[in-house]
Amino acid sequence: THNTVCLALRLHAVSNSNITKEALTEAQSINKSFSVLGDVIAALSSGESFVPYRNHNLTSMMADCLGGSAKTFMFVNVSPADYNTDEMA
């Protein structure tokens, strides 16, 4: 039996001078997980024989949801507000 995993990840702008050490560590961890997820998706889409699922806990946990005949959807929420434009650079 497979478990359905729902993950909510958000990116933080680290340019804010008021950012705490904990928030910076969280943002770095989130960015690393997205980077590894990108590596897995790139390997799957290019048909590589090795897919680096074990490079991160996120991709290890999502391996059954990403490979083989699995259907994967990605939702991206982007704010059109002017005060969020510095996060899009």
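The protein chain holds two helices and zero strands, where helices (H or I, at least four residues) and strands (E, at least two) are DSSP runs numbered from the N terminus. The structure is a predicted model, in which local features need pLDDT of at least 70, side-chain atom pairs count only at pLDDT 80 or more, and totals for chains, interfaces and linings use all residues. Residues are numbered from 1 along each chain as its sequence is written, and side-chain values use heavy atoms, with hydrogens and water left out.

Of the 89 residues in the protein chain, 21% are buried; buried means under 20% relative accessible area, exposed over 50%, and partly exposed in between (1.4 Å probe, protein chains only).

Helix α1 spans residues 21–45 and helix α2 residues 57–66, and the two pack at an angle of about 35 degrees with their axes 10 Å apart. Axes are lines fitted to C-alpha atoms, for helices over the stretch in contact, and angles run from 0 to 180 degrees between N-to-C directions. From α1, Ser33, Val36, Leu37, Val40 and Leu44 make the contact, meeting Leu58, Thr59 and Leu66 of α2; contact means heavy atoms within 4.5 Å.

Turning to α2, its buried residues are Leu58, Thr59, Met62, Ala63 and Leu66. Seen down the axis of α2, these fall within an arc of 155 degrees, so they line one face of the helix; the arc is that of the directions from the helix axis to the C-beta atoms. The buried residues of α2 pack against α1, while Asn57 and Asp64 are exposed on the other side of α2. Just after α2 comes Gly68, with a positive phi of about 65 degrees.
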